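The sequence and the model follow.

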Amino acid sequence: MKKKISLLLGMVLMFFCVAQAQIENPIKWKVDFNTTSDTEAEIVFSATVEKGWHLYSTNIPDGGPVPTTINFDEKTGIELVGALTPVGKTVTLFEDAFGLDVTYFENEGKFVQKVKFVSKEYKMEGYLEYMACNDENCLPPQPVDFSYSGTADKVAAATAPVAEEPKAETAEEAAPAAPVQTMDEVAESDYWTPVIDELNAYNSGEVTSTEDKSFIYIFFAGFIGGLIALVTPCVWPIIPMTVSFFLKRTQDKKKGIKDACIYGASIVVIYVVLGLLVTLIFGASALNALSTNAIFNIFFFLMLVVFAASFFGAFEITLPSSWSNKVDSKAETTTGLLSIFLMAFTLTLVSFSCTGPIIGFLLVEVSTTGDILAPTIGMLGFAIALALPFTLFAMFPSWLKSMPKSGGWMNMVKVTLGFLELAFALKFLSVADMAYGWHLLDRETFLALWIVIFALLGFYLLGKIKFPHDDDNDKVGVGRFFLAMLSLAFAVYMVPGLWGAPLKAVSAFAPPSSTQDFNLYKTEEVHAQFTDYDEGMAYAKRMGKPVMVDFTGWGCVNCREMESKVWIDEKVRDIMVNDYVLISLYVDEKAPLPERIKVTDTDGSTRTLRTIGDKWSYLQRMKFGANAQPFYVLLDNEGNPLNGSYSHDEDINKYINFLETGLKNYAERKNK
């Protein structure tokens, strides 16, 4: 009961919640200093990793994300024994954005640095630097400070410096410690003034509407699925029989209409309960994981292939006939609302061979959106579309005469759905392929298969291909001819993609262009005018132009995806280049600051900024109240936001609206 109440409360809150920029803290650390012998000890860093996040290990090749390293600000009386060592179970996968294998921890991880005492008194002070990512965002490199001092029982013989000593330490030693400044001494301009409340005020009005759009999209996806299910051979012939039954079972026409409405409502209840069961069985966290979990995606791929084969006529997916017989007999022996509900349940069981694959595809698609309410909302749309004709035809029985007669056209609908399910099955296989780095389904292979599928669909609609249940004498109607033409045209449209054309219409389904082996397509890239915040803001003020601040990272996968999929759009590129001053701030930039800076962080702790990346990461947290990348914010010449923030969302139209809204607000503010 608690779960159901929580779910209903969640449904209400999801439409009124305010999604604000926030500080992510998915990694919790514990640091220990353990003496292992009279002359040696080890520093142990133990991490607890939130579900969905991963913590990069130490052995990351050049060109990849930032590896975990240990860095010393002060080190006397000790020497390092070997390098920082990851301990525990790691995962190594090929990340397409970097083009190499990366190793990381999930759930928990540990790093150990061994040291030996070379003098009686020892002192060490430094930090572990790490980077964490999930499927949408990457956090900038974060420090875990440590400091230890004491007296050793025994002293080991000193050795010459080891060549494999961590290069981060070498860089630190190459830049001698300078006097430490405070942030007030460095950030004298008003550009650093926090604007978290102003930014959240914009976000509160924008993100909610986006969620509403998401739920509306899911509802209509389910509604369209229900309409398609109506015209299948398992449902369409049942409509006139069922409506006639309700109108003839009583002399009272109003009661017949009422019973038909209850019948339709019962169908809605049955399918909505099915959606609720999916949510309650998997749980919110599991649904969030479905979108990238390789095992689930392989399962979904195989399931959709089976559904497609069923629609092609290889076999029928049916529930045990005893189920429908028992429910049907029970409906005949009962009366009232229960009898009508059992009749609706009988329809659900009998029509499963046609509706099952559609429901299965719908649940798979909406579940992988990560929204806990998605299956329920999708099933609500499906059920309303399926139940609507039973109610309408009961109210207006004369409409039954104008219903298209059952025939071979319904089997054509099934086979067409089979082709579509086969095409969408490849999307899920593609996710698994990229997750495991198999490279079986690179972009051109994926497109080649889609070209073949939609070409075959076109030939089928023209009657050139026949399946077991097709009528040999079936003629091609005008509507079917136009559908065939569209399918063949779509196949031809995808052909240039084999040589690297962007194909924006299928970019949400096809693997990224970086997996393309043969690419003749070239595009102009957007480059930042400034990589220093204060310099960029000063220039924008002189030129009288608004600013776009891009918080990014060299090792940020999703940043590269936004740049390669959204920034290359001609209109996006034109606005960013001509109307804004673009400032890209790399939060993992390792170049040392001229002088270290002492700051009070957002959680009240004191920390030291050592690198340029540390400085920009601190700016993002302190001024904007966020720490995940990519993170885009539009500012006026005084450092005030012009719109809500924008993160990883590859919807080009939404991104254009984000940029144009900022320009509109800047013009209004400037004219005041």
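Lys28 is partly exposed, with a relative accessible area of 40%; in this predicted model, buried means under 20% relative accessible area, exposed over 50%, and partly exposed in between (1.4 Å probe, protein chains only). Glu50 is likewise partly exposed, at a relative accessible area of 38%. Lys28 and Glu50 form a salt bridge whose closest N and O atoms are 3.8 Å apart, a salt bridge being a side-chain nitrogen of Lys or Arg within 4 Å of a carboxyl oxygen of Asp or Glu. This pair links distant parts of the chain, 22 residues apart: Lys28 is in strand S1 (residues 27-35), and Glu50 is in the loop between strand S2 (40-49) and strand S3 (54-56). Helices (H or I, at least four residues) and strands (E, at least two) are DSSP runs, numbered from the N terminus.

Residues are numbered from 1 along each chain as its sequence is written. Because the model is predicted, local features need pLDDT of at least 70 and side-chain atom pairs count only at pLDDT 80 or more, while totals for chains, interfaces and linings use all residues; side-chain values use heavy atoms, with hydrogens and water left out.

**Salt bridges**

Side chains of opposite charge can pair when their charged atoms come close. The count comes to eight salt bridges, among them the following.

| Pair | Closest N and O atoms |
|---|---|
| Lys28 and Glu50 | 3.8 Å |
| Lys123 and Glu74 | 3.9 Å |
| Lys565 and Glu650 | 3.5 Å |

Lys123 is partly exposed, with a relative accessible area of 35%, and Glu74 is partly exposed at 30% relative accessibility.

Lys565 belongs to helix H17 (residues 557-565), whereas Glu650 sits in the loop between strand S17 (631-635) and H20, so this pair ties together parts that are 85 residues apart in sequence. Lys565 counts as partly exposed at 25% relative accessibility, as does Glu650 with a relative accessible area of 30%.

**An open sheet and its helices**

Strands S14, S13 and S17 form an open sheet in the order S14-S13-S17, with mixed pairing; two strands pair if DSSP finds at least two bridges between them. S14 and S17 stand at the edges with a single partner strand each, so one side of each is left without a neighbour in the sheet. S13 and S14 run parallel and are joined by six bridges, and Met548 stands opposite Leu582 in S14. Helix H20 packs on the sheet, where it touches S13 and S17, and its direction makes about 25° with that of S17; axes are lines fitted to C-alpha atoms, for helices over the stretch in contact, and angles run from 0 to 180 degrees between N-to-C directions.

In helix H18 (residues 570-578), the buried residues are Val572, Arg573, Ile575 and Met576. They cover an arc of only 165° around the axis, which puts them on the same side of H18; the arc is that of the directions from the helix axis to the C-beta atoms. These buried residues pack against strand S13 (547-552), strand S14 (581-586) and helix H20 (652-670), where contact means heavy atoms within 4.5 Å.

**The chain as a whole**

The chain has 20 helices and 17 strands, and buried residues make up 48% of its 672 residues.
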